[in-house]
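Hello,

Here is the structure I promised to pass on to you. Have a look at it first, and then read on for what turned up when I went through it.

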Amino acid sequence: MDSLVHLIPSFTEATAQKLSLDARSIRRFVSRYTSIMPDVREIIANTWLASSGVQLDALARETTDVQRQIVTL
């Protein structure tokens, strides 16, 4: 069975292929999603911020409290 593991694509690779993106983009999306708090994601959904990868990366690097402060300004 272990010899067949290489035949099963990883989540990142399978998702990238289905969405016609590269695996790096998928990893970046997942990292943003897991690093930004759910309530913060809800506040920024459908705003310009949700469309800016650079801004999302900056927000994801902040602490939970700082994320909340930023989106409630």
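**What I found**

Let me start with Gln 67, which sits in helix H5, the stretch covering residues 64-71. Please keep in mind throughout that this is a predicted model.

Is Gln 67 buried or exposed? Its relative accessible area is 1%, so Gln 67 is buried. A polar atom of its side chain lies 3.4 Å from the backbone oxygen of Leu 59. Setting aside neighbours within four places in sequence, Gln 67 also has contacts with Ser 35, Ile 36, Met 37 and Val 40, and with Leu 59, Ala 60 and Glu 62.

Next, the charged pairs. Side chains of opposite charge can pair when their charged atoms come close. How many salt bridges does a search of the whole structure find? The search comes back with two.

- One joins the side chains of Asp 57 and Arg 32, with an N to O distance of 2.6 Å. This pair links distant parts of the chain, 25 residues apart: Asp 57 belongs to helix H4 (residues 53-60) and Arg 32 to helix H2 (residues 23-35). Asp 57 is partly exposed at 23% relative accessibility, while Arg 32, at 13%, is buried.
- Asp 39 and Arg 68 also meet through their side chains in a salt bridge, again with 2.6 Å from N to O. Because Asp 39 lies in helix H3 and Arg 68 in helix H5, this pair ties together parts that are 29 residues apart in sequence. Both partners count as partly exposed, Asp 39 with a relative accessibility of 30% and Arg 68 with 32%.

On the surface, you will find a nonpolar patch formed by Leu 19, Leu 21 and Phe 29, which together have about 270 Å² of accessible area. Leu 19 is part of helix H1, residues 11-19. With a relative accessible area of 52%, Leu 19 is exposed.

Finally, a word on confidence. The protein chain has a mean pLDDT of 89, and 88% of its residues reach 70 or more. Confidence is highest in helix H3 (residues 38-44), at a mean of 96, and lowest in H1, at 89. Where pLDDT is low, the predicted coordinates should not be read in detail.

Happy to go through any of this with you.

Best wishes

Conventions
Residues numbered from 1 in each chain as written. Predicted model: local features only at pLDDT ≥ 70, side-chain atom pairs only at ≥ 80, totals over all residues. Heavy atoms only, no water. Patch = residues over 30% accessible without salt bridge, like charges linked within 9 Å, V, L, I, M, F, W, Y side chains within 5 Å. Areas by Shrake-Rupley, 256 points an atom, 1.4 Å probe, with all protein chains shown as cover. Salt bridge = Lys/Arg side-chain N within 4 Å of Asp/Glu carboxyl O. Helix = DSSP H or I, 4+ residues; strand = E, 2+ residues; numbered from the N terminus. Buried < 20%, exposed > 50% of the residue type's maximum accessible area, 1.4 Å probe, protein only. Polar contact = N/O pair within 3.5 Å; in protein donor to acceptor, adjacent residues only side chain to side chain. Contact = heavy atoms within 4.5 Å. pLDDT = per-residue confidence, 0-100.
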